[in-house]
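Thanks for coming. I will go through one structure today, part by part, and you can follow along on the screen.

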Amino acid sequence: MTPPSLRIPGRRFLHSPGPTPLPEAVLQAMSAQPMDLADPRVDANIAACEQGLRRLLDTRDADVFMYAANGHGAWEAVVENLAAVGESVLVAGTGHFSESWAVQTEALSRRVVRTPWREGWPIDAGAVEQALRDDSSHAIKALFAVHTDTASGVTSDPAAMRRALDAARHPALLVVDVVASLGAVPFSMDALGVDVAVGASQKGLMCPPGVGFVAVNAAAFALAQRNTSPRFYWDWVRRKHDLSYRKFCGTPPQNLLLGMEAALGLIFGEGLEAVWLRHEQLARAVHAAVEGWREGGALDFFAQEPASRSRSVTTISVAGGIDVEALRAVARERFQVAIAGGLGPMTGRAFRIGHLGDCNPAMILGAIGGIEAALVAQGVNVGGGGTRRAVLSLAGQ
Ligand SMILES: Cc1ncc(COP(=O)(O)O)c(C=O)c1O
């Protein structure tokens, strides 16, 4: 099949939940020539990214380790450092992303205890607490929890994970994946009692894919020091170093880091609270649109509880007979709105609208209008329509 022409008139709206659109300032920062490794600007750029990420994660003392990798790389770093081969971790069930992390952990010859999940619902904190109580020998080294499951569009409460650990009096470390939530909703690593936070560049951080990172507190670093399982590239102990070449276990991905410094500057320049509020308002507008569409009976929220509907991504389940891939192709090629499909068990049963990162009301209205046009073109009943609902929501009515 001939691929569609790369040339499109105007701008295509990117509403996948990552990668997300890049601000001009980030694109420009990345267009600099690379530097020689002894250039002090390299160190200054890395230090700015480390400090900015610490500030964004609201942690005072955690070490930030960045990798030339995606989120899966950062996941792997957590596994390699916190559990030796044959040791156990508990993965709190959220859906596709908790399961992917669990599968990756098992592929690295660690044992995984899972808690079950219910499609469209947040983590069952009671089941997590019970699994921890059942582990009376304290074999479980860490609890892995995904803050926002990007497949289901459900955000869980990390504070409930801390409470479960404390109630069970279990010493496991708390590791939270903030890949899809960081920058969209408040997150305070230290105050929440999170030992390791795991992130990636391509979502709320408004950078291209390619930098995965972890913030590691003293307890987690100490566990990594005691872990004698062989590792090299991911090793936090090896990376805790003043030399940038050692911090990155080789050449740092300079242009990506220049982009990240610029992106962090944009976030703090706008103000973190303003960034969160913007995400809340945009998410509310998307949710208002879905309320309109669901009246037609063909579409519905995947996330069952309004309170746990993500401010980064909305997953919309579709009735049988609707071809999601055809819908996405029409939305992208005819109406210039790129949306995501369902993942894992939701493949073919859902589509997803990303509304995080460098996004504003006009972009959301354009996206909702384009998606609605694609739905109508595909013969999907959109009830009373969603675009006007989004307009009213953004207008505060
Ligand atoms: C919550 C979450 N964790 C981890 C990942 C994995 O990140 P990557 O695709 O960059 O490997 C993703 C990707 O979408 C994600 O949404």
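I start with a strand pair. In strand β13, the residue that forms a bridge with H15 is I339. A second bridge of this kind links F13 to V337, again in β13. Taken as a whole, β1 and β13, which covers residues 337-341, are paired in the parallel sense over three bridges. Please keep in mind that this is a predicted model.

Helix α14, residues 361-377, packs on the sheet that these strands belong to, with contacts to β1, β13 and β14. The direction of α14 makes about 85 degrees with that of β1.

Now the sheet itself. It is an open sheet of five strands, and the order across it is β1-β13-β14-β12-β11, with mixed pairing. Which strands stand at the edges? They are β1, residues 13-15, and β11, residues 299-301. Each of the two has a single partner strand, so one side of each has no neighbour in the sheet. On average, neighbouring strands here are turned by 35 degrees against each other, with direction ignored.

Helix α12, residues 272-294, lies across β11, β12 and β14, where β12 is 313-318 and β14 is 350-354. Relative to β11, α12 runs at about 140 degrees.

Next, the neighbour of α12. Helix α11, residues 254-270, packs against α12 with the axes 5 Å apart and an angle of about 90 degrees. That angle makes α11 roughly perpendicular to α12. Which residues meet there? From α11 they are I267, F268 and E270, and from α12 they are L272, A274 and V275. By class, this contact has five nonpolar residues, no polar ones and one charged.

On to the domains. The assignment divides the protein chain into domain 1, residues 24-268, and domain 2, residues 271-394. Their C-alpha centres lie 28 Å apart. How many residues does each domain bring to the contact? Domain 1 gives 24 residues and domain 2 gives 23 residues. On the domain 1 side, α4 (96-107), β7 (154-155) and α11 each supply at least two residues. That side of domain 1 divides into eleven nonpolar, eleven polar and two charged residues.

There is another sheet to show you. Seven strands form an open sheet with mixed pairing, in the order β2-β10-β9-β8-β5-β3-β4. Its edge strands are β2, residues 63-68, and β4, residues 111-114, and each of them pairs on one side only. Neighbouring strands in this sheet are turned by 20 degrees against each other on average, direction ignored.

Strand β5, residues 140-146, and strand β8, residues 173-177, pair in the parallel sense over five bridges. There, A142 stands opposite L173 of β8.

G18 and P19 are joined by a cis peptide bond, with omega at about 0 degrees. P19 is found in the loop between β1 and α1, the latter being 24-30. The second detail is H138, which is not a glycine but has a positive phi of about 55 degrees. Where does H138 sit? Its place is in the loop between α5, which is 125-134, and β5.

Last, the ligand. The residues around the ligand are G18, N70, G71, H72, F97, V146, T150, D177, V179, A180, A200 and P209. By class, that shell has six nonpolar, five polar and one charged residues.

Terms used
Residues are numbered from 1 along each chain as its sequence is written. This is a predicted model: local features need pLDDT of at least 70, side-chain atom pairs count only at pLDDT 80 or more; totals for chains, interfaces and linings use all residues. Two strands pair if DSSP finds at least two bridges between them. Helices (H or I, at least four residues) and strands (E, at least two) are DSSP runs, numbered from the N terminus. Axes are lines fitted to C-alpha atoms, for helices over the stretch in contact, and angles run from 0 to 180 degrees between N-to-C directions. Two residues are in contact if their C-beta atoms, placed from the backbone, lie within 7 Å. A residue is near a molecule or strand if its C-beta atom, placed from the backbone, lies within 6 Å of it. Ala, Val, Leu, Ile, Met, Phe, Trp, Tyr, Cys and Pro count as nonpolar, Asp, Glu, Lys and Arg as charged, and the others, Gly among them, as polar. Angles under 35 degrees count as roughly parallel, over 145 as roughly antiparallel, 65 to 115 as roughly perpendicular and the rest as oblique. Domain bounds come from an automatic or database domain assignment.
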